[in-house]
Amino acid sequence: MFDVEDDHWWYVAVHQEVLWNLRHWRYPVAGTWRPCFLDAGCGTGGLLAKLKKEGVSSIGVDFSEKGLSFCRKRGLDHLLKSSVTELALKDESFDGIISIDLLCQEEVDEQKTLQEFSRVLKPKGFLIMQVPAFQFLKSEHDMAVHVKKRYTKHELQGALERTGFSIQRLFYRNTLLFPVAVFLRLLKKMGKKEPQKAESDVTPLPRILNDFLTGIIWFEAKIIHHFAGSPFGLSLFCV
C-alpha cells in the first residue's frame, strides 16, 4: 500500500473525491480559526499527506503500528494508535471525519464505530465515508484486505441514520469500470478453489494502463458532481 498509494489510479481517484468534497462541504474559514479533521483508519498516510499539502489540519488514527510507522516515513507526526470502536479522543473534538474503506473491515464493529464518530464530532460536524459496494462482488482481494462486508445504498444509509447522521450525498463510484470488474471477478470465481493465501488486486501497473484508468475515473467524477450519480458501482461514497 505504501509503495503504490501516491500513484495508483484507485488511490488517486478516491483521494481526489475526498478533497473535492472537503472543499465543497467544509466550513467557511474566518480569522485565525481552522477546522480540524480526523482520518480514521489512516493506513500508510497517503491521504493525510495530501491533506497536509492542502493546508488542512488533521490527525490520523490507526490500530496498526506498522501503518503508523509508514506515516512517520512521510514526515507525518499528528498520529494516534487507537481502535475506532473506542477512540482515545475527547467528545466533540473534530469538525470532520474521513473514513475510507474502514467500516467494512473484519475487526471493526459497525455500530460502535459510527457511535464513536458521532461522539467525537462537533455539532454540525460532517463525515466523509467510502465503503465497497455489493456483497456479490466479494473476492480474493477482499479476503486479502480483511473486508467482511460490501454495502448497498440502503444498508449504509440505514446504519448512518440509526446513529443520528443525516445524508447529504450518497452515491456509487467506479461505475464505468463496474461491468468489467463484475465479469472478471465472476470469471475468477468459476471453478476456482479458495486460495491458501489471498492476494490484493492493488498492485503496481504499467504507466500507460494506470494513466488510462485514472482518466476514466476522473471523467466519471466530473459527471457525478453534476448529476445524481449511478445506481451501481464498485464503491459507495457518502457525506
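**Contacts, sheet and salt bridges**

Analyst: Thr 85 touches Asp 109, Lys 112, Thr 113 and Glu 116, where residues up to four places away in sequence are not counted and contact means heavy atoms within 4.5 Å. This is a predicted model, in which local features need pLDDT of at least 70 and side-chain atom pairs count only at pLDDT 80 or more, while totals for chains, interfaces and linings use all residues. Residues are numbered from 1 along each chain as its sequence is written, and side-chain values use heavy atoms, with hydrogens and water left out.

User: How far apart in space are Thr 85 and Glu 116, C-alpha to C-alpha?

Analyst: Thr 85 lies in the loop between β3 and β4, with helices (H or I, at least four residues) and strands (E, at least two) taken as DSSP runs numbered from the N terminus. In sequence, Thr 85 and Glu 116 are 31 residues apart, whereas their C-alpha separation in space is 6.4 Å.

User: Which are the buried residues of helix α4?

Analyst: Buried means under 20% relative accessible area, exposed over 50%, and partly exposed in between, using a 1.4 Å probe and protein chains only. In helix α4, which spans residues 110-120, the buried residues are Glu 110, Thr 113, Leu 114, Glu 116, Phe 117 and Val 120. They cover an arc of only 155 degrees around the axis, which puts them on the same side of α4; that arc is taken from the directions from the helix axis to the C-beta atoms. These buried residues of α4 pack against β1, β4, β5 and α6.

User: Which strands stand at the edges of the sheet?

Analyst: The open sheet holds 7 strands in the order β3-β2-β1-β4-β5-β7-β6, with mixed pairing, and two strands pair if DSSP finds at least two bridges between them. Each edge strand has a single partner strand, so one side of each is left without a neighbour in the sheet, and the strands concerned are β3 (79-81) and β6 (170-173).

User: Is Asp 95, the salt-bridge partner of Lys 122, buried or exposed?

Analyst: A salt bridge is a side-chain nitrogen of Lys or Arg within 4 Å of a carboxyl oxygen of Asp or Glu, and the side chains of Lys 122 and Asp 95 meet in one at 3.6 Å, N to O. The pair links distant parts of the chain, with Lys 122 in strand β5 and Asp 95 in strand β4, 27 residues apart. Lys 122 counts as partly exposed at 28% relative accessibility, whereas Asp 95, at 3%, counts as buried.
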